[in-house]
Amino acid sequence: MAFGPLRQLGVPLAAIALVLGARLSGASVGAPDTPAQAQSARATLDRYCVSCHNQQRKTASLALDTLDVAKTSSATATWEKVVRKLRGGSMPPSGLPRPDRATYDSLIGWLESDLDAAAAARPDPGRTEPFHRLNRTEYRNVIRDLLALDVDVSALLPSDDASYGFDNMAGVLKMSPTLLERYLAAAQRVSRLAVGSPPSMPNVDTFRVPEDLPQDERIDGLPFGTRGGTLVRHTFPVDATYDIRVRLSRLGLSGGATEDIPRFAESHDLDVMLDGVRIKTFTLAGETLPAGVRQDAYQQNRITLDADWNVRLRVTAGPHEVGVAFVKKSSALNETVRLPFLRPYAGAGGDTRYQPYLSRVTVTGPIETGAAVDTPSRRAVFVCRPRRPHDTDPCARRILSSLARRAYRRPTTEEDVAPLMEFFRRGHAAGGFDIGIEQALGRLLISPHFLYRVERDPSRVPPATPYRISELELASRLSFFLWSSLPDEALMAAATANRLHEPAVLEALVKRMLADPKSEALVQNFASQWLYLRNVPTLSPDLDVYPDFDESLRQAFGRETELFVGSIVREDRRVLELLTADYTFVNERLARHYGWPNIKGSHFRRVNVEDPGRRGLLGHGSLLAVTAYPHRTSPVLRGKWILENLLGTPPPPPPPNVPDLKDRNAEGKVLTMRDRMGQHRANPVCASCHAQMDPPGFSLETFDAIGRARRVDEQFVPIDASGVLPDGSKFDGPNGLREALLAQPERVITTFTEKLLTYALGRGLESTDMPAVRRISRESAVSDYRFSTIVLGIVNSVPFQMRRAAE
């Protein structure tokens, strides 16, 4: 009996001893022989649960009267469902008799211990898909790390389907003929950029500045003493001549937008910069209207004032920064009749901008074709150069073998390199050594070995049997979990030497990877989807209700939460600080939105949060805005998010044809939000779910639909933010909700672990995964729920390191 692998995967010694004792004694493998605990559990179920969940009524399609509580392994999925409901405090329902806390915990403890012991005896790691396609984000990161080339693949590849809350789920990452064509086009463009081959015709890349982005202050990354504009990070394909054209924003008048450039009394200078060095300054001359003439009635052609604002210059191949910004003048404003909004308006309602804005920057080229001499991508690709004709094939083979080894995430064979060499020879014959490498690289980038992570069942493993995945497969799982990219040389070397199964080696690698800047992928990919940050760029509040909402605030919402979660990851903080942190990251625009004084400048900085209600994620404008409607708050959306993402008890989908809420009662009186939601709770079909969703949502009613703090609603009625969780915990406001959630921190940690494990595996969790989730949660408590402890628990878990063979 080899229990070493189980121990390496973190299965507790007590569970191993339990299984070993049962086998030696000839007893059935399962939970400890404690009939008194099983009988107590059965008595609790019979008293509080079976009246609804029996063979006759089968409420929620669940019958507990005939299930053997002393042998939960006979109905694992059902008992895990029961545990989830009990952990969430949603059963028995509100209004029915409930056991005391000790009885409640005793029942949960028995069910979990019996389920965990059965899982330790018969590990079931689940089965990941054999083929896992790289999603769009992973593709970009792999190109970056393989070829030292940062390409905006959003213009090359479509967005990916999502499942279980994430877009890296193997089950939905399919390949269609249309998508394959997009990958072919992407491979051609990436291989050409990496090698530095000139395009067949000049590229025209246009970078637009959002119309609602204020340009009255400095933009991060641009020089001090400037305002507005944009900073573009662009990869120039070859050493050549390029055109950079800038275009100003046009006039918005009462009759609609025109092609005229607005008039301003003072002149304004616009600098064009390359890598921080000014290369050209354009001047928009000042002009005043004749006395008594309105701007929209003054006929004078101002369309062509920036027609010649074009810079032609020689640029070396590789990544460069193109900056365009206005020279800043005094911030003092002349008194006007119109009160200024924070958001710039340039539409049918008139133009509120008091100085010129940039509309777009266009980079065209190469115009006079050249060749790339030295770029980061060429240094990554060309690890050798042939000095003599007979060196050509050996050098090409060395280049392609090195690239294929990293791209395929395993040692390569002659079968891997042969087709690449065939493409190289064709290209070499047509255009020389570099073209040959470009053609071979293009072939590599459409290989299934590159586009898919492949996990094969060993031939010696019987069907439906758990087995440990190979070291190279584990290395890929680990790198795509923490970096959303391929393994680096250190990780590949450890896998090739078969050392990843050594706990000390694996722990050191994980901690090194978390400290690497590439772990930012956990923020950009995991947290951005878990916290709905990918919805922030599409926020469009009703401007009649929230006229100051603009692009700068939209960007600040997302950046605050990214920096906040990033600090938890980088500094290895307690995961519970996601709810309790008394600090956040703001710039002047966001601080002004929150009502915090004395914070100046566009750069973000860490600040202390004095208002307890604003602490942690529950006070972030990003989360509050994406869980609201454009014109009002939504306790349902906010409450659903809390249930699903913090408590792990998502409500079922709503029934069809749910009517809209009525804003007024029969007498025409405007209803408060709590009164409006009462309409749903009055419907028996809706009541059971809304009784759980609405109360936590009401606690966040002290924030409006764009996250501003408030004490009264739109009708100036004081807000009632009190409520009760499904388990009976009462609270008032966001701070009270936070305290209620943290009264049982294991619920939040378990839900966080489920989300992170789902993301790590690239598949939805099953009932057989829950023992691993509970073990990770329990063991992380020793370190006070540090982020790295949860990550290490996942990496060492049975689902992460093992896989079930196909049946």
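Student: What makes up the accessible surface of the protein, and how large a share belongs to carbon and sulfur atoms?

Tutor: The accessible surface comes to about 36600 Å², and 53% of this belongs to carbon and sulfur atoms, where accessible areas are those given by the Shrake-Rupley method with a 1.4 Å probe. This is a predicted model, in which local features need pLDDT of at least 70 and side-chain atom pairs count only at pLDDT 80 or more, while totals for chains, interfaces and linings use all residues. Residues are numbered from 1 along each chain as its sequence is written, and side-chain values use heavy atoms, with hydrogens and water left out.

Student: Why is a set of residues called a nonpolar core?

Tutor: The name applies because its members are buried Ala, Val, Leu, Ile, Met, Phe, Trp, Tyr and Cys residues joined through side-chain atoms within 4.5 Å. The largest such core has 99 residues, of which Phe481, Leu482 and Phe787 touch the most other members. A second, separate core of 45 residues includes Ala396, Leu451, Tyr452 and Phe480.

Student: Which residues does Phe787 touch?

Tutor: Leaving aside residues up to four places away in sequence, Phe787 touches several residues, among them Leu514, Ile568, Asp572 and Phe752, and these count as contacts because heavy atoms lie within 4.5 Å.

Student: How many helices and strands are there?

Tutor: The protein has 28 helices and 20 strands, counted as DSSP runs (H or I, at least four residues, for helices; E, at least two, for strands) and numbered from the N terminus.

How values were computed: Buried means under 20% relative accessible area, exposed over 50%, partly exposed in between (1.4 Å probe, protein chains only).
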